[in-house]
Protein chains: 10
Amino acid sequence: MPSQPSKDLQTFPNPAPDRDYEIAFDVPEFTCLCPLTGQPDFAKFKIRYVPDQLCVELKSLKLYMWAYRNEGAFHEKVTNTIADDIVRAIQPRKLTVEGDFFVRGGIGTLVTVTHEKKGKGAKPAAKKNAPARRK
Amino acid sequence: MPSQPSKDLQTFPNPAPDRDYEIAFDVPEFTCLCPLTGQPDFAKFKIRYVPDQLCVELKSLKLYMWAYRNEGAFHEKVTNTIADDIVRAIQPRKLTVEGDFFVRGGIGTLVTVTHEKKGKGAKPAAKKNAPARRK
Amino acid sequence: MPSQPSKDLQTFPNPAPDRDYEIAFDVPEFTCLCPLTGQPDFAKFKIRYVPDQLCVELKSLKLYMWAYRNEGAFHEKVTNTIADDIVRAIQPRKLTVEGDFFVRGGIGTLVTVTHEKKGKGAKPAAKKNAPARRK
Amino acid sequence: MPSQPSKDLQTFPNPAPDRDYEIAFDVPEFTCLCPLTGQPDFAKFKIRYVPDQLCVELKSLKLYMWAYRNEGAFHEKVTNTIADDIVRAIQPRKLTVEGDFFVRGGIGTLVTVTHEKKGKGAKPAAKKNAPARRK
Amino acid sequence: MPSQPSKDLQTFPNPAPDRDYEIAFDVPEFTCLCPLTGQPDFAKFKIRYVPDQLCVELKSLKLYMWAYRNEGAFHEKVTNTIADDIVRAIQPRKLTVEGDFFVRGGIGTLVTVTHEKKGKGAKPAAKKNAPARRK
Amino acid sequence: MPSQPSKDLQTFPNPAPDRDYEIAFDVPEFTCLCPLTGQPDFAKFKIRYVPDQLCVELKSLKLYMWAYRNEGAFHEKVTNTIADDIVRAIQPRKLTVEGDFFVRGGIGTLVTVTHEKKGKGAKPAAKKNAPARRK
Amino acid sequence: MPSQPSKDLQTFPNPAPDRDYEIAFDVPEFTCLCPLTGQPDFAKFKIRYVPDQLCVELKSLKLYMWAYRNEGAFHEKVTNTIADDIVRAIQPRKLTVEGDFFVRGGIGTLVTVTHEKKGKGAKPAAKKNAPARRK
Amino acid sequence: MPSQPSKDLQTFPNPAPDRDYEIAFDVPEFTCLCPLTGQPDFAKFKIRYVPDQLCVELKSLKLYMWAYRNEGAFHEKVTNTIADDIVRAIQPRKLTVEGDFFVRGGIGTLVTVTHEKKGKGAKPAAKKNAPARRK
Amino acid sequence: MPSQPSKDLQTFPNPAPDRDYEIAFDVPEFTCLCPLTGQPDFAKFKIRYVPDQLCVELKSLKLYMWAYRNEGAFHEKVTNTIADDIVRAIQPRKLTVEGDFFVRGGIGTLVTVTHEKKGKGAKPAAKKNAPARRK
Amino acid sequence: MPSQPSKDLQTFPNPAPDRDYEIAFDVPEFTCLCPLTGQPDFAKFKIRYVPDQLCVELKSLKLYMWAYRNEGAFHEKVTNTIADDIVRAIQPRKLTVEGDFFVRGGIGTLVTVTHEKKGKGAKPAAKKNAPARRK
Ligand SMILES: [Ca+2]
Ligand SMILES: [Ca+2]
Ligand SMILES: [Ca+2]
Ligand SMILES: [Ca+2]
Ligand SMILES: [Ca+2]
Ligand SMILES: [Ca+2]
Ligand SMILES: [Ca+2]
Ligand SMILES: [Ca+2]
Ligand SMILES: [Ca+2]
Ligand SMILES: [Ca+2]
Ligand SMILES: [Ca+2]
Ligand SMILES: [Ca+2]
Ligand SMILES: [Ca+2]
Ligand SMILES: [Ca+2]
Ligand SMILES: [Ca+2]
Ligand SMILES: [Ca+2]
């Protein structure tokens with residue numbers, strides 16, 4: 001039975017919750033619609049996070065990104081929304097979502113959203129250990 | 001009706017004002033005139049900012065950059081002016097404007113202007129969260 | 001006295017007319033106007049030729065390219081016109097003009113025009129010797 | 001009024017029909033559906049041709065590529081179909097269509113279709129002059 | 001039900017048998033065993049062919065490459081064998097298989113095997129049209 | 001006698017234990033099995049550490065990585081396990097393990113695990129001196 | 001009247017003295033003589049600075065670099081001297097001069113000199129804002 | 001028992017002698033001595049050949065290249081000698097040896113030697129099929 | 001005693017005159033003067049040739065290139081002159097000289113001169129074997 | 001008289017001892033022997049330092065690196081030894097030595113050693129000014 005697009009991000013338990021480490025996804029396949037003109041927009045996303053108790057399941061992430069295919073979405077808004085949805089699903093210790101949108105009007109746009117967990121559950125030392133992303 | 005060049009930067013409300021995040025524009029098409037000789041100068045601009053209450057509208061940015069086409073402009077001055085105009089239009093929490101000017105006299109020139117919001121409206125913690133630009 | 005844009009290509013005598021050799025110009029600074037919308041177009045040109053009796057003078061080539069700045073010009077047409085004008089000015093044994101136009105509608109366009117001298121003045125052996133362009 | 005996807009390729013008269021020259025389009029934005037699973041496929045297309053009497057109009061090419069967005073299409077088939085449709089619309093002297101499809105099952109697929117005009121209208125000398133694509 | 005490795009290459013009818021065109025696969029995931037030491041070898045394969053009546057089915061190619069995982073295989077031999085198996089399965093008009101093996105003893109090895117169809121079924125003109133691979 | 005895969009990491013005494021310095025291994029050859037489907041996964045690993053009293057012996061590292069060849073291993077788990085095993089074998093002052101897994105479902109995954117030695121034996125100043133990796 | 005080499009660096013008033021911003025020059029054309037052998041040395045220089053009240057005039061910088069053409073100059077010394085001369089001419093808030101000298105004896109040499117303004121005129125906050133150079 | 005340098009190239013039977021195919025070795029580790037000064041020279045070699053009845057054994061090639069370590073060798077001579085020795089050992093249908101020597105006197109030197117088998121044993125058609133090296 | 005610039009190209013006997021092979025020099029250090037303005041010009045030269053009975057001695061080539069340092073030289077003329085001087089010194093079977101001149105007036109210039117030996121001493125088959133330069 | 005390998009590093013007085021600046025050497029030519037097998041190892045070294053009263057003389061550094069040619073040397077040990085020898089010779093304010101060793105057992109090894117001057121002679125502020133290496 002073929003898969004369907006879905007905004008429902010699946011999770012699994014973090015196999016190493018005692019350690020701050022980073023998981024980074026490279027998502028070169030993303031398309032949505034321009035809310036003003038209805039024409040297709042394309043972007044490449046990079047998502048990286050330091051998990052707390054939960055991790056994002058890879059296949060559900062694919063279906064999640066697919067779910068934007070027929071939606072109107074502004075560049076700035078959709079990048080924030082993807083970050084919000086991941087935060088809601090797994091409450092990561094740290095998260096960065098980058099949306100690198102293809103050229104429109106001769107101009108390319110890159111939106112970068114970062115989130116850090118706050119409050120009682122957060123270990124202050126954790127942020128120091130969060131690794132810089134490999135270039 | 002075709003568009004016209006215009007120094008009037010349009011804005012829209014920041015869809016995520018509670019969060020510090022970055023919007024980066026890659027503007028490879030810029031030309032102005034050398035104030036001394038009247039000959040064309042070319043540059044590639046990179047603009048990135050952390051929005052506060054407002055964002056720069058993409059199409060108006062294109063028309064804004066176009067508006068320099070027939071103006072005399074020194075490298076150092078025009079890069080600062082573009083930064084000033086964006087600050088005036090959207091009062092970003094942080095802004096960087098890079099003007100990468102083509103070779104003249106065997107020498108290339110890159111001017112980089114950075115602005116940070118000061119005063120009551122600024123959240124001190126925000127700067128820490130401002131993401132480094134992706135390379 | 002500052003220079004002016006000019007369609008008048010200057011020439012000088014080929015210093016080695018007995019030999020087929022190639023002269024290649026890399027012209028990253030070109031802008032004209034879209035004939036439909038009046039908006040700026042940008043391109044990078046590459047011009048290479050095997051001279052016969054005349055060569056193109058470099059400074060006049062700069063002024064020639066500048067002369068398109070305020071003209072409406074379709075991509076396909078302007079690349080052919082530049083080739084025609086160089087052929088008229090120096091009658092090269094071989095000529096290639098490439099216009100690499102920046103993205104419009106999500107699509108980049110590269111127009112490549114090649115000309116070879118025909119008739120009595122051409123040396124048949126010359127074509128064999130014409131060097132491939134260095135990559 | 002916003003544009004609509006359309007398989008109707010528009011044309012305009014070749015401004016230099018007496019010369020063999022090449023027009024190359026770089027189309028990094030393409031998506032269709034996998035006919036077996038219904039899941040999205042992505043590809044980057046490169047299209048280059050030597051025009052005869054007609055050229056492909058750029059905006060209609062954008063709308064044409066958009067028209068595959070909700071269609072099921074095998075890699076090998078859709079690349080041939082795009083070539084067939086361009087041949088039908090403009091009968092080019094020479095045409096190459098490359099479809100570079102993103103990784104599936106750990107394997108990337110690149111389909112390259114070439115067409116050359118045959119028969120009475122073709123000038124045999126033309127093929128020799130057709131330029132190699134710039135890398 | 002999970003897939004199994006298999007040397008059985010599946011095929012499907014060429015959707016454009018009247019035209020010579022190229023299908024190229026990029027296979028970065030390949031491992032076998034060194035017949036002398038039993039230690040793992042790794043390689044990246046590139047396979048490209050001009051189909052005749054049949055094409056290679058992508059998923060079966062993945063399973064085919066997997067089937068070498070636990071076999072001893074010399075670099076020169078295995079690259080020829082893969083070419084032979086594809087020839088047997090689809091009798092392509094032209095085929096190239098490249099095996100790019102990782103460094104052993106400080107030396108990297110690249111084996112390139114090319115096959116062209118001979119005899120009654122081959123169209124002589126086809127070879128001229130076979131496109132060079134995009135770099 | 002040929003070597004065998006082994007999870008037994010060999011060590012040798014650090015030749016410069018009074019100094020914080022970094023040893024970085026580039027391991028482009030790694031394969032394991034997907035625990036869900038049994039199909040092969042491939043990754044490139046980068047391992048770097050600041051040794052304390054012991055260093056990892058290079059040949060045993062090769063055999064260690066080989067030992068995952070027939071094991072089922074989730075991306076996030078296996079990267080943490082490799083880090084844990086190195087910590088257990090040599091108790092490094094600092095360690096980073098990056099597992100760069102090939103595309104699955106159109107998405108690449110990079111897992112980065114960092115460990116720092118804690119407690120009485122650690123020299124606090126050491127971390128400051130730990131060199132950034134060369135890019 | 002043709003220009004002459006000159007060690008006299010010309011300046012102009014900083015158009016934005018209230019802001020810390022960076023001006024970077026890319027100078028790929030530099031040659032001097034080896035003081036020991038009299039043979040030519042070549043280098044590429046990169047100069048970047050945060051101006052205070054004055055900026056370096058581009059044409060005079062070209063003539064300044066030219067002035068080393070017939071002088072003997074050790075790599076380490078000449079890079080420091082160029083930095084000293086720029087400091088003397090414009091008293092920048094911050095300055096970096098990099099001299100990247102071509103291979104001699106199989107070894108390339110890169111000398112990097114940094115200067116920061118001290119004392120009453122310096123604004124302490126300025127250093128924090130000084131932008132990192134774009135890579 | 002450790003290996004020793006040796007000029008004795010080992011061979012094995014070509015597993016596919018009925019087909020013209022190419023084997024290419026990338027040898028980044030080579031050093032010899034300058035015959036004039038006795039100082040070390042370094043080079044990177046690329047060797048590719050179309051085997052006839054024999055192939056070069058990889059480990060013996062490593063020992064062969066090692067055997068130049070303490071010999072005086074001019075760039076032009078040693079590259080020809082390596083080609084001669086491989087021709088003598090395996091009589092390949094075609095052979096190319098490239099020696100890319102590191103900079104001396106500010107100049108890099110690349111020597112490229114090609115050999116083709118002549119006479120009764122050679123199949124004329126073979127040359128046409130010899131693949132171009134992948135870039 | 002330090003070396004002096006000299007137009008006197010030294011030679012040595014070709015160690016393999018029975019074979020057509022290529023020697024390529026990469027000369028990134030070249031400067032001369034503009035004959036019109038007296039200002040410095042810079043270029044990178046690539047020289048490759050198929051030797052006949054003589055080869056160019058490397059150190060004398062360095063001194064030869066140095067000898068242009070204080071001479072006025074047009075781009076097109078000096079590249080032809082260097083080719084002529086090498087032809088006179090060693091009568092190569094084939095020669096290519098490329099002069100890649102740095103940007104002037106926003107335009108870079110690459111001059112490529114090719115020479116092939118003619119007449120009684122030339123072996124017709126030689127040209128076929130002359131290897132293409134590695135990219 | 002030809003030079004000889006020598007472990008004797010020569011020095012000269014720092015021409016700018018009042019300033020912290022960096023000197024970086026790129027040494028692509030290094031070979032030693034594996035202490036276990038006696039087989040050659042190859043590496044590329046990068047050495048950079050902030051001089052105090054003395055600088056390393058370039059030619060003696062070449063002879064110093066040459067002196068390892070016939071010595072057995074473990075990767076981790078030799079990189080530390082080179083750092084120790086430079087520290088002993090010039091007591092730099094800061095030093096980094098990187099040894100990038102070629103692939104053995106499918107794994108590349110990069111060893112990075114950093115040293116900072118301690119005690120009375122050191123200026124604490126100096127470290128802040130030490131420039132990051134250019135990438
Ligand atoms: Ca972009
Ligand atoms: Ca990371
Ligand atoms: Ca620049
Ligand atoms: Ca960013
Ligand atoms: Ca383009
Ligand atoms: Ca050329
Ligand atoms: Ca691909
Ligand atoms: Ca073309
Ligand atoms: Ca390889
Ligand atoms: Ca990846
Ligand atoms: Ca360098
Ligand atoms: Ca070289
Ligand atoms: Ca090959
Ligand atoms: Ca150039
Ligand atoms: Ca390495
Ligand atoms: Ca530096």
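Buried area is taken here as the accessible area, computed with a 1.4 Å probe, that two parts lose on being put together, summed over both. In this predicted model, local features need pLDDT of at least 70 and side-chain atom pairs count only at pLDDT 80 or more, whereas totals for chains, interfaces and linings use all residues. Residues are numbered from 1 along each chain as its sequence is written, chains are lettered from A and ligands numbered from 1 in the order in which they are written, and side-chain values use heavy atoms, with hydrogens and water left out.

Between chain A and chain F the buried area is about 1,900 Å², and carbon and sulfur atoms contribute 52% of this. The contact (heavy atoms within 4.5 Å) draws 21 residues from chain A and 22 residues from chain F.

One salt bridge, defined as a side-chain nitrogen of Lys or Arg within 4 Å of a carboxyl oxygen of Asp or Glu, is counted between the two chains; Arg19(A) forms a salt bridge with Asp84(F), with the closest N and O atoms 2.7 Å apart. On the side of chain A that touches chain F, β2 (21-33) and α1 (58-66) each supply at least two residues, helices (H or I, at least four residues) and strands (E, at least two) being DSSP runs numbered from the N terminus. The most is given by β2(A), with nine residues.

Strand β2(A) runs antiparallel to strand β6 (residues 107-116) of chain F, to which six bridges join it, two strands being paired if DSSP finds at least two bridges between them. Within β6(F), Val111(F) is the bridge partner of Ile23(A).
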